[in-house]
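Open your viewer and keep the selection tool handy. We will go from a whole chain to single residues, one stop at a time.

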Amino acid sequence: MTFIRPLAAMAALALAVAAQAQQKEIKIGFIYDVSGPFAGGGSEPAQIGTKAIVDYVNEHGGVAGYKIVPIFADAQSKVDVAINEMTRLIDQEKVDIISGVYSSAQCVPMVQQADARKKFTWLNVCVATAVFKDKKLQYVFRPQAHSDQFGAWSCDYITHYAKSKFGTDPKNLRVAIIHEDGPYGVGVAAGNEAQCKKDGLNIVLKEGYSATAPDLSSLVTKLKRARPDVLLHTGYNPDITLFLRQAKEQGLKFKAVIGHGAGHSQFDKLSQTFGKDVNYFHTIDPAAAQLLDPKTLKPGVWAMTQEMVKRYQAVKGPGELPPHVSMGFNNTWILLNDVLPRAIKKYGGFDSESLRKAALETDIPVGGTMQGYGVKFYPPGHPLAGQNERAFPVVMQFVDGKARIVWPMAIASEPVLPFPKGHAYAP
Amino acid sequence: MEIFDIYLLEAVLNGLLLGGLLALLSLGLNLIFGVIDVVWICYAELIMCGMYAVYYLHVQYHWPLYAAMPAAIVIVAMLGVLLHQLVIKPVLAAEPINQLLVTGGVLFFLQAAATLAFGIDFKNLGVSLPAVRIGEMSFSAARLIAFGAAVLGVLGLFVFLRKTYLGTAIRAISQDRAIMPLMGVSPGRIYTLTSALGGALAGLGSCLLVLQYDVHPAIGLSFGPITFLICVMGGLGSMAGGLIAAFVFAQFISVGGFFFAVEWGYVIAFAFFIGMMFVRPQGLFRR
């Protein structure tokens, strides 16, 4: 019997080591769309960016000694699948954190369920203000800008240039707002309408449509009748392509178009389809990190941006990175580099309560993240509790295949407004 | 807004062109149901396959469109035959709901297979047809071609079914499945031929759609449900009913979307469909 005690001790030790090894992992369930129409609208680049930063962190020792175990789920561009995947990740995969999520249509119902289950949720991409507005969420946080900001910035941008570029007062500038009819499009369009009215712009049409509609010719006809100078457009990829094609075929003319992220930010794809016809198009999104001036960032941040570019291009080859890559990479970086270490070190773990407390203490100044914005979340009691109050988007314009920031003024280069003569959509 | 203005006329004409496209899509589905009595819920996914065929033959293998498009029609016709032989034939005697579920399964299979095989990127031919201008109005040349092809497709099918021996056999077997084998007609051969014909019509549809839409694995979602509803509204299996329903539906979408919000065009069209199902559950034209 003398050998039994050492054997038992060794077994106990092995079990303890195994248990320790198990505890040294943090499981994060990332939900993106890698099939269906949202995949090509930016969700896949966001997932590639997310995976790249998780790999990077693990290669550099993980977070406070914990390895990050990402579990990627495909929401298939469907709301019900997204919710089912979230449930599976929580109940079966036992993830510690839910993250990712491209579509606002998925975000809105998902986060209410996640919050009710007190599961810490970190949103990387979806922008609808409705995700947080008056929802009193406690365990859901979003470093990303929100749709009201998107809507407001496009109006401010064209108002600023009404006189100098369009040669008219804002009240004479005819603006049409068109949008897909999900929470994302509706949210941005509401922001457009509110701010454009405030800015005194002349809104000649505001209309939504289904992103899967097989025909938008009647919308184009109405736009022809309304004769807008500027189009404010919010959509995904298939609908934007259909709209632009039908607009050209039906002879719709306008002087500028401002897109609001999603499909409009997938410039390489738009360019493949329309060539020079989409030259001088705009999009609003949090800045694609690689477009920022490194001098405006805190020390060490630009090196991370270069890491992102290198890793993304290793997957997809050379070319312009859509802003969604930065959203996946940068926003996950904020979670892994700021919130998670504080939760572990200060609050003793990575349960939802510790993560929540750590997130509420996040205080990153402007220039402290790869996309330029700072991070501080609206506190409980605020109508947007959980939303990053320091996030801001930028207006980007695509000129001859290159994206450049044209708003806000502080970091902007000169925009090309209106479309030059000879442009496919120029009057 | 003036009630009758040039833009209303443009909306009406665009509705007519959309109707032609939808009519063509519903034609094959109706033919198959009319003869074989099985609904190919995956019909729009066959169209998606045809669109990919045109894309790859033209863009990757540099075939001219006049060669790529007939090849795509043949490919989709063969897919139709394969679908019949491998999936439909074993369930011909099964309950309709089982047949529906099986073709529904094929729908998801084709979508997933396309995602794996071709990726999620939106692909397009890079072909831009000029617009056709009539005064202040401007129309899509691709839509005009689709409209013309739909008219020719309908006429061609009509002539084939009325004037040829095979067409007569197809019509006969759709009218009385039990008696025709006694008269020397092989139902198996007719079903295979019909599947090929239905597939070829899907192929023709794909050639016209690929001129107007990007190809991606989920493109069928934009057309599958609406095509099915048009067939049901016209009376499943009734080709004349499908044609009329397609034009009615398209006008609701186009003119309804012009007078109200675009979304309302679809709401009105679907509300009309629901209303019709109460009044004439068998569709506008009973087969």
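Helices here are DSSP runs of H or I with at least four residues, and strands are runs of E with at least two, numbered from the N terminus. This is a predicted model, so please read each stop with that in mind.

**Stop 1: chain A.** Select chain A and colour by secondary structure: you will find twelve helices and twelve strands. Its radius of gyration is 23 Å, close to the 22 Å that the globule rule gives for 427 residues, so chain A is as compact as a globular protein of that length. Of the 427 residues, 57% count as buried.

**Stop 2: Ala288(A).** Next, select Ala288(A), in the loop that runs between strand S10 (282–285) and helix H10 (301–316) of chain A. Is Ala288(A) buried or exposed? Ala288(A) counts as buried because it has 28 C-beta neighbours inside 10 Å, and 20 or more is the cut-off. Show its contacts beyond four places in sequence: Leu321(A), Pro322(A), Pro323(A), Ser326(A) and Ala403(A).

**Stop 3: the largest nonpolar core.** Now move to chain B and pick Leu22(B), Met51(B), Val76(B) and Phe249(B), which touch the most other members of this 226-residue core. Helix H1 (residues 6–36) of chain B gives the most to the core, with 14 residues. The core also draws at least three residues from each of domain 1 (7–145 + 297–360) and domain 2 (148–285 + 394–411) of chain A.

**Stop 4: Val76(B).** Finally, zoom in on Val76(B), whose contacts beyond four places in sequence include Leu46(B), Cys49(B), Gly199(B) and Ser206(B).

Methods:
Residues are numbered from 1 along each chain as its sequence is written. Chains are lettered from A and ligands numbered from 1 in the order in which they are written. This is a predicted model: local features need pLDDT of at least 70, side-chain atom pairs count only at pLDDT 80 or more; totals for chains, interfaces and linings use all residues. A residue is buried if 20 or more other C-beta atoms lie within 10 Å of its own, exposed if 12 or fewer, and partly exposed in between; C-beta atoms are placed from the backbone. Two residues are in contact if their C-beta atoms, placed from the backbone, lie within 7 Å. A nonpolar core is a set of buried Ala, Val, Leu, Ile, Met, Phe, Trp, Tyr and Cys residues joined through C-beta atoms within 7 Å. Domain bounds come from an automatic or database domain assignment. The radius of gyration is taken over C-alpha atoms; the globule rule is 2.2 Å times the number of residues to the power 0.38.
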